[in-house]
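Here are some notes to read alongside the model. Take them in order, with the structure open beside you.

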Amino acid sequence: MPGMLYLVPTPIGNLSDISIRCKETLENADFIAAEDTRVTLKLLNHLGIKKSLVSYYEHNKAFKGSVIVERILAGETCALVSDAGSPAISDPGEDLVKECAQAGITVCAIPGPCAAITALSISGQSTGRFCFEGFLSTAKKSRREHLEALKTEQRTMIFYEAPHKLLATLESMAEAFGGDRPISLCRELTKLHEEVIRTTLQGAIDLYTQQPPKGEFVLIVAGAEPVVEEAATPEDAAKRVAQLMESGFSRKDAIKQTAQELNLPKNVVYDAALNI
Ligand code: SAM
């Protein structure tokens, strides 16, 4: 019988946020795969757990992934943890889940801390529809392209960002979305200096130009306002009917086509076209 892969979320700043189920899963696993074994060792010591640890991180994941998969297929149960938060969300766990899924291994995610959702919930922005955009590229060109593609996104957007790249990111966002777009900067969540700054992109740029940003950030950016298309006027309808008739449409077909295109009642288009 193959074992299983458990995704175990860990606190993003407050050690008390570890759940009973997470603790039990770590205790019962045959081994723990950790992004940084030193970080995880601290957590295990806090919980009084002694367990075999293997490292699984960005630069060894290609090789380590298959070793872990083989151990699970041979019957062992693995608990995967990242440095903080939910494994597989903007960290290498994503690839291990894919490999396990491909190998037919059951993957079980335990719900728990996730910086993105914690930030969204206290942002004060709309939470009904949102999209997670993770980290933007450090390369200016790809960052711009990514943001350009989000220009008309109406859902609330969630980004992760490191403090030393924050100002450049805010500037690129202001270029793409305009400086008056609302943003909530959620900093040091669940930690002593937790803070939520609700401002605009330009307001955030002004603030962090004066004081260098410190700590971990999640950026919650409001979506674009829906574009309200201006209703077509009878004059627009008359022009369009004339154009269509010039190109060979009969009057009747031109009126029908214009009414459809401009979303106007047929009788309005008919009246507008009387003088043509
Ligand atoms: N998998 C993790 C999760 O779901 O929470 C996220 C991992 S990602 C490598 C790390 C990023 O999460 C940080 O750069 C920061 O943007 C965000 N983050 C993590 N902990 C945070 C905290 N306490 N406060 C604010 N942001 C945090």
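Does Arg-187 count as buried or exposed?

1. Arg-187 counts as buried, because its relative accessibility is 16% (buried means under 20% relative accessible area, exposed over 50%, partly exposed in between, with a 1.4 Å probe and protein chains only). Please keep in mind that this is a predicted model, where local features need pLDDT of at least 70 and side-chain atom pairs count only at pLDDT 80 or more, while totals for chains, interfaces and linings use all residues. Residues are numbered from 1 along each chain as its sequence is written, and side-chain values use heavy atoms, leaving out hydrogens and water.

2. You will find Arg-187 in strand β8 (helices, H or I, of at least four residues and strands, E, of at least two are DSSP runs, numbered from the N terminus). Its side chain reaches the backbone oxygen of Lys-214 at 2.7 Å, a polar contact (a pair of N or O atoms within 3.5 Å; within protein, one must be able to donate a hydrogen and the other to accept it, and residues adjacent in sequence count only if both atoms are side-chain atoms). Beyond neighbours within four places in sequence, Arg-187 is in contact with residues including His-193, Tyr-208 and Phe-217 (contact means heavy atoms within 4.5 Å).

3. Now for the sheet around β8: five strands form an open, mixed sheet in the order β6-β7-β10-β8-β9 (two strands pair if DSSP finds at least two bridges between them). The edges are β6 (130-135) and β9 (195-200), and each has a single partner strand, so one side of each is left without a neighbour in the sheet. From one strand to the next, the twist averages 20°.

4. Have a look at β7 (residues 156-161) and β10 (residues 217-221), which run antiparallel and are joined by five bridges. In this pair, Tyr-160 stands opposite Val-218 of β10.

5. Helix α5 (residues 115-122) lies across β6, β7, β8 (182-187), β9 and β10, at about 50° to β10, whereas helix α7 (residues 166-177) lies across β7, β8 and β10, at about 10° to β10 (axes are lines fitted to C-alpha atoms, for helices over the stretch in contact, and angles run from 0 to 180 degrees between N-to-C directions).

6. Stepping back, the protein has eleven helices and ten strands. Its radius of gyration is 27 Å, well over the 19 Å that the globule rule gives for 276 residues, so the protein is more spread out than a compact globule (the radius is taken over C-alpha atoms; the rule is 2.2 Å times the number of residues to the power 0.38).
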